[in-house]
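Hi,

Here is the structure I promised to pass on to you. Have a look at it first, and then read my notes below.

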Amino acid sequence: MTRVVMLNDNSEAFTKKVNEMTNDMITLCEQCGICSTSCPVAEDMDIPPSEIMRLVQLGDEYVLETKAIWVCASCYTCTVRCPRGVDLSKVTEALRQINLRTNVNYLDIDNLDSEEVEELPAIALVSAMRKYTG
Amino acid sequence: MMKKFPYYPGCTLKQYPKKFGIPSEESARALGLEMVEIPRWNCCGAVASLTADDMMHQVAPIRNLIRVQEMNDEGLVDNEYRLVVFCSMCFNTLKRANMMVKENEAALNTINEFMDREQDYKANVEVVHFLEILRDMGFYRLEDMIKKPLKGLKIAPYYGCNLLRPKEVGIDNPEAPTIMENFVEALGAEVIDNPLKSLCCGSYHTVGGHKDIVAERTYAIVNAARKAGADMMITACPLCAFNLDDRQALTKELHPEFQHMPVLYFTQILAFALGLEDKAGLEENYVDARPILREKGLMD
């Protein structure tokens, strides 16, 4: 699906903010796409990792609404393969954090099935809470 | 004479001691390595905090490293600043926080000032995974201490993410690791190379609405091990262990033709090979490994 990138007065500030949160990862990316070909969960994403990078570079805040930023589980496969040294997992983390800091959680803890929670190891719950809730 | 190490168990080794904690601690003991648990340790946070402006989530891992300093001050260990971790996720989180404060003096000062009731962290601890201790000891020496060589057993190591990546944190080459292969060889088993040995299992997506991500990854990873000829898989990450073992139930629901495969924690098979069969927790796994061990004539 073609999507028109809409830039506005906040675009530059948005790019700058993500760049700061990620220790200057954003402008390094040259859009080679190796992250998208390496990502083990790309098929579960609505946009591929390289497009996440491009939208942030352009300052399109639509990226904050994508499923892709939540599907990334910080496996660092793209990180070890990026020829420019971009740690893309820092970028998806920053985008999740921007959402979570508005006090909106991605995971609704109250509606988790209690029997299911009983079966889950603490390590799964702690890591999910850390990534999905603010 | 036992060599004493400061030891960080983390939640899973304590929550499921029979499957994780006891095999790990007892295997180490059998090798002359005493794991001295950090007094008053706290949760590391399970996942590394990745944004530059988030110091709060670095506090928990660093507090554990301060405890290692205290253990040395109090003589619980003798000038030993290597902190041994078995859980890959704890290892990655603790090591990454440690690297961050070693590289960023301002961040270290901020965290030290925040924890004003603790002694300052002097950035002198080294976070190591137990597999690194075994490698540094020499796998040939481990081989000499094996009581029950796993002759004829075909084991596919599974690394997952946190042992290998990012490369500054990983314990081996992130694209072509060999440390677990060497470990399996030392146990006397046959190494099976799984091409998906470092593919992410889906991690914490096992909680909530995206469990199918994990079940599909498990399907791919276990099938790849089977196709390569493996009898079982081993992993060093407790969350991978849950996803690849317990989540096989969901995988089977989604793919009825799926065949189960045992997935053991690496210290379970280590304890077994060290002759500590009653400490290996083999009755704890979702997919039982005992039938294949019996089939290979390795247990009664």
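Let's start with domains: their bounds here come from an automatic or database domain assignment. This is a predicted model, in which local features need pLDDT of at least 70 and side-chain atom pairs count only at pLDDT 80 or more, while totals for chains, interfaces and linings use all residues. Residues are numbered from 1 along each chain as its sequence is written, and chains are lettered from A and ligands numbered from 1 in the order in which they are written.

Chain B first. Its assignment gives domain 1 (3-130) and domain 2 (139-295), and the centres of these two domains of chain B, taken over C-alpha atoms, are 25 Å apart. Where they touch, domain 1 of chain B puts in 22 residues and domain 2 of chain B puts in 23 residues. (Two residues are in contact if their C-beta atoms, placed from the backbone, lie within 7 Å.) On the domain 1 side, helix 2 (17-30) and helix 4 (88-103) of chain B each supply at least two residues; helix 2 of chain B gives the largest share, nine residues. Helices (H or I, at least four residues) and strands (E, at least two) are DSSP runs, numbered from the N terminus.

Now for the sheet. Chain B has an open sheet of four strands in the order 6-5-7-8, with parallel pairing; two strands pair if DSSP finds at least two bridges between them. At the edges sit strand 6 (190-191) and strand 8 (263-265) of chain B, each pairing on one side only. Helix 10 of chain B packs on this sheet and touches strand 5, strand 7 and strand 8 of chain B, with its direction at about 160° to that of strand 8 of chain B.

What about chain A? Its assignment gives domain 1 (11-102) and domain 2 (107-134), and 24 Å lie between the centres of these domains of chain A, taken over C-alpha atoms.

Finally, the two chains meet in a contact with 33 residues from chain A and 32 residues from chain B. Helix 1 (10-15) and helix 10 (238-246) of chain B each bring at least two residues to chain B's side.

Cheers

Note on methods. Axes are lines fitted to C-alpha atoms, for helices over the stretch in contact, and angles run from 0 to 180 degrees between N-to-C directions.
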